[in-house]
Amino acid sequence: MSRDRLHSGDLNRSPRAFRLGSTSYVYPDDILPNVRRLGPMVDDVELVLFEIPEASNLPDDAALDELGRLADAHDLTYTVHLPLDLRVAAGGDGPGAQPDPSMAMARRIIELTRPLSPYAYVAHLDAREPLETGAWDAWRDACAVGLAELAAAAGEPGRICIENLERWPHGEMLPLLERLPVGFCLDIGHLWLQGEDAPACIARLAPYTRVVHLHGIGERDHASLRHTPRPQLRAAVDALARSGFDGVVTLEVFNLEDLVTSRDLVLAWEDGTL
């Protein structure tokens, strides 16, 4: 199928209003080689960024310039996944509360990638403590402080998208979406892992959702969609279409076979052959 069928400029000829993306780790290589090879295949690339004492993949100025050129050449957008160890709520909201060092890294990444005008910044909220204590109200108060800080760094609060995880109930996040003008990253694979009614969740959360993560569950999480029963996959993508979702759907997988087989299934849905 031609690349033209993937472009958002073809929406009048397609039931799919969303942009279809991949992660920046499909090929066993750095970010730039991945984006060069993925550019003709997708509409968006999720840049998975990190920096630890042993390693860093943060792009320098030359890499950022090249990412910008690739975006122009292939009509790409970028989403940025903030580090997985981000602890938005760690500092609390009481007098003298200090943010976790991971927040400084998140702000640095947001500032670093600003020239790319990312469509969204995806953030995990660490909910280990309230899972153990049940103190969800205090957790939400602390998250609100940290999210406001990230939103200020991003410039547009809606670009900060909090993601539902498989380890805890996403319903505890809903008051944050009503309280703050941040966006939502709806991970459908995580809903399936929890046994949730994905179409119902999509309909309820569509007004907040800017990014969707879509992946199958095989022997591991983040596997190809070929592991997903076709009626289940069709019901989820149908629900996205009914909601009018026009953001980014990231096929959140991490090798070429999983990407190609997942992309083929979404395109089969688009053609009415799924």
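**Close-up views of a predicted model**

**View 1. D75, a partly exposed residue.** D75 is partly exposed, with a relative accessible area of 35% (partly exposed lies between buried, under 20%, and exposed, over 50%, using a 1.4 Å probe and protein chains only). You will find D75 in the loop between α2 and β5 (77-81). Although not a glycine, D75 has a positive phi of about 55°. A word on the source: this is a predicted model, in which local features need pLDDT of at least 70 and side-chain atom pairs count only at pLDDT 80 or more, while totals for chains, interfaces and linings use all residues. Residues are numbered from 1 along each chain as its sequence is written, and side-chain values use heavy atoms, with hydrogens and water left out.

**View 2. H222, a buried residue with a positive phi.** H222 sits in the loop between β9 (209-214) and α9 (230-243). Its phi is near 55°, a positive value in a residue other than glycine. H222 is buried, with a relative accessible area of 17%.

**View 3. Helices α1 and α2 packed together.** Helix α1 (residues 31-38) and helix α2 (residues 61-74) pack at an angle of about 10°, their axes 10 Å apart (axes are lines fitted to C-alpha atoms over the stretch in contact, and angles run from 0 to 180 degrees between N-to-C directions; helices are DSSP runs of H or I with at least four residues, and strands are E runs with at least two, numbered from the N terminus). The two helices, α1 and α2, are therefore roughly parallel to each other (angles under 35 degrees count as such). I31, L32, V35 and R36 of α1 meet A63, E66, L67 and L70 of α2 in the contact (heavy atoms within 4.5 Å).

Notes. Parallel < 35°, antiparallel > 145°, perpendicular 65-115°, else oblique.
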